[in-house]
Amino acid sequence: MNITWSSVRLFRVGVHLWLVGYLLSATSAAEWLWEFPVARLPGPPGPLRYLTHAFGTWLPDGLAIPAVGLLLLLALRGLFRPARWWSSFLIWMLYTSLMNLAWSAASGGQQLMANVLFWMIFLPNGPDPKAGPMTQVVGGTAFWIIRMQLVLAYAVTVAHKFTGHYWMDGHAVGIVATDPGYGPAFLGAYPALLVLLTYGVLIFQAGFPVALWWRPTRHLWMWMGLVFHLGTGISLGILDMAFAFLVCYLIWFDEGTAQAWWARLDRWKAGLLRPTGSST
């Protein structure tokens, strides 16, 4: 299974950066999100509660806030050092526990990130000539499963929209835009534009799982996705979801695109480290 290692490295940095941003943005609400959540998820009784990914939490009462600190340290470590399988496992376990504690405030982006973090446990940091055939198969499988998480997310979302009345008749975006809790309200003055935006979202989400497989259409759809997710993230107040999806774009970069981004990052870091007043 071919793996684009430059995109894997870029993706890992993006995921850990997302974790840092998510945790820091949620610190002001840490008490009601994690320490004293408004409602706990129901789950199986006894030890089975700790074996279920979807319902349980591995954190004993009173350790949620220390877990936030530990997760933040592990995420920061992942920005500068290659992640080991054990650190990836700890990150997934801590993150899913915190997410399940705060399930009433969770978004689809957080669920996407929980799935991605699990498979990152098995994703190598780079090619290993000493790796056996089974290790290579496991790593390649994890790589493609992470990639397919993005495909499935869009496919399931648009399939659900196709069953809805307001999406199919072109009114869905208009209903959201004119809702005082969302907006932007000024779009209400342009009904024809709202219809175009509604069908545009359907075309974007329906086309994404197909467009990813060819370089020209992949780039076009990713630029469309950047506009879509930043627009919905800002207008609907779900920036964590927006950036979770955009981070997952990185693992779909081809080798040339990923290396070009690494070159940009290296130039940016060199500019930050250059002494003040230096012209070289």
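Is W213 buried, exposed or partly exposed? At 40% relative accessibility, W213 counts as partly exposed. Before I go on, please keep in mind that this is a predicted model.

A search of the whole structure turns up 20 aromatic pairs. Take W18 and Y95, which form an edge-to-face pair, 6.0 Å centre to centre with 70° between the planes. This pair links distant parts of the chain: W18 is in helix 1, residues 5–26, and Y95 is in helix 4, residues 85–101, and the two are 77 residues apart. W18 has a relative accessible area of 6%, and for Y95 the figure is 1%. Buried here means under 20%, so W18 at 6% falls in that class, and so does Y95 at 1%.

Back to W213. Its partner is W144, and the pair is stacked, with 6.1 Å centre to centre and 5° between the planes. W144 lies in helix 6, residues 133–162, while W213 sits in the loop between helix 9 (191–211) and helix 10 (215–236), so the pair ties together parts that are 69 residues apart in sequence. W144 also counts as partly exposed, at 27% relative accessibility.

W144 has a charged neighbour as well. The charged end of R147 sits over the ring of W144, 4.9 Å from its centre. The charged end of R147 also sits over the ring of W252, and there the distance to the ring centre is 4.4 Å.

Next, a cluster. Which residues does it contain? Ring pairs join Y154, F204, F208, F228, F245 and Y249.

Now the surface. F186, Y190, L193, L196 and L197 make up a nonpolar patch there, and together they have about 520 Å² of accessible area. One of them, L193, lies in helix 9 and counts as partly exposed, at 36% relative accessibility.

Last, helix 11, residues 239–249. How many of its 11 residues are buried? The count is 8, so the helix is mostly covered. The buried ones are D240, A242, A244, F245, L246, V247, C248 and Y249. F245 and Y249 are the two I asked you to remember from the ring cluster. What covers the buried residues of helix 11? The cover includes helix 1, helix 5 (108–120), helix 6, helix 9 and helix 10.

Definitions and conventions. Residues are numbered from 1 along each chain as its sequence is written. This is a predicted model: local features need pLDDT of at least 70, side-chain atom pairs count only at pLDDT 80 or more; totals for chains, interfaces and linings use all residues. Side-chain values use heavy atoms; hydrogens and water are left out. Rings of Phe, Tyr and Trp (its six-membered ring) pair if their centres lie within 6.5 Å; planes under 30 degrees apart count as stacked, over 60 as edge-to-face and the rest as tilted. Helices (H or I, at least four residues) and strands (E, at least two) are DSSP runs, numbered from the N terminus. Buried means under 20% relative accessible area, exposed over 50%, partly exposed in between (1.4 Å probe, protein chains only). A charge sits over a ring if NZ of Lys or CZ of Arg is within 6 Å of the ring centre and within 35 degrees of the ring normal. Patches are made of residues with over 30% relative accessible area and no salt bridge: like charges are joined within 9 Å, nonpolar side chains (Val, Leu, Ile, Met, Phe, Trp, Tyr) within 5 Å. Accessible areas come from the Shrake-Rupley method with a 1.4 Å probe; for residues, only the protein chains shown count as cover. A salt bridge is a side-chain nitrogen of Lys or Arg within 4 Å of a carboxyl oxygen of Asp or Glu. Contact means heavy atoms within 4.5 Å.
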